[in-house]
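Dear colleague,

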Amino acid sequence: MVFQDEAAFRFVGGRVSVDLTATRGLRWRDRGVERVPAPADLARWFVEAGLTASPVPVSAATHRSALELREALYRLMRGRVLGEPLDRRAIDVVNGWAAKAPPAVRLTADGSEKRLVKPTAGELLALVAHDGVDLLGGPHANRLRECSRDTCTLLYLDASRAGSRRWCSMEVCGSRDKMVRYRRRDAE
Ligand SMILES: [Zn+2]
């Protein structure tokens, strides 16, 4: 079993828009765990998500907007998982950000890698919103899943051929689930 710091960022979503929703964790709890409580935490997330090599300035207003975009993406993605009608207000929030320009991109000198050109925090949120629109409005939306471990609740994109992946991460939730079942069997 892998020990996980509750506040640590999780990157198991398979898409940057899904990973943003994981910056609030343990959603089954009353208020969950806020993993980006301050603008500096969001700046750190942008770096750990691989969007930018060096931290970009994040204002308090952009931080608030990021949390709003995150919750809108979460509502829409979870709505898809549950097969529920999608929240109109959440669609408006995501569309608002998707209407903005994402960062400029360039190829590295050897032509092998894509880099974002000096992105701003706002441009990075636009990029995340574009990814969310692409995912929710594209052919992979039916591969969105919610982790089967009831104390996890992270969303992820199931890229397995059979579409039968049950956990956000085999190492963390898959092994815990197995252990719980093993203990239960032992107790019976
Ligand atoms: Zn999980």
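This is a predicted model: local features need pLDDT of at least 70, side-chain atom pairs count only at pLDDT 80 or more; totals for chains, interfaces and linings use all residues.

Residues are numbered from 1 along each chain as its sequence is written, and side-chain values use heavy atoms, with hydrogens and water left out.

The zinc ion is coordinated by the SG atoms of Cys 147, Cys 152, Cys 168 and Cys 173, at 2.3 to 2.4 Å. Donors here are N, O and S atoms within 2.8 Å of the metal (3.2 Å for Na, K and Ca); water is not among the atoms, so sites may look incomplete. The angles subtended by the four donor atoms run from 104 to 119°, which makes the arrangement tetrahedral (all angles between 85 and 135 degrees). The ideal angle for four tetrahedral donors is 109.5 degrees. In sequence, the donor residues follow the spacing C-x4-C-x15-C-x4-C. Cys 152, in the loop between strands S5 (144-146) and S6 (155-157), and Cys 168, in the loop between S6 and helix H6 (170-187), are 16 residues apart and link distant parts of the chain. Helices (H or I, at least four residues) and strands (E, at least two) are DSSP runs, numbered from the N terminus. Cys 152 is buried at a relative accessible area of 5%, and Cys 168 is buried at 3%. Buried means under 20% relative accessible area, exposed over 50%, and partly exposed in between (1.4 Å probe, protein chains only).

In helix H4 (residues 88-98), the buried residues are Ala 90, Val 93, Val 94 and Trp 97. Seen down the axis of H4, they fall within an arc of 90°, so they line one face of the helix; the arc is that of the directions from the helix axis to the C-beta atoms. Their cover includes helices H3 (60-82) and H5 (121-136).

Asp 131 is among the buried residues of H5. Its side chain makes a polar contact (2.6 Å) with the side chain of Ser 17, a residue of helix H1 (residues 16-21). A polar contact is a pair of N or O atoms within 3.5 Å; within protein, one must be able to donate a hydrogen and the other to accept it, and residues adjacent in sequence count only if both atoms are side-chain atoms. Ser 17 is itself buried, with a relative accessible area of 0%.

Finally, Ala 38, in the loop between strand S2 (33-34) and helix H2 (39-48), is partly exposed at 29% relative accessible area.

With kind regards

Methods: Contact means heavy atoms within 4.5 Å. Four donors count as tetrahedral if all angles lie between 85 and 135 degrees; four count as square planar and six as octahedral if opposite donors are over 155 degrees apart and all others between 65 and 115; anything else is irregular.
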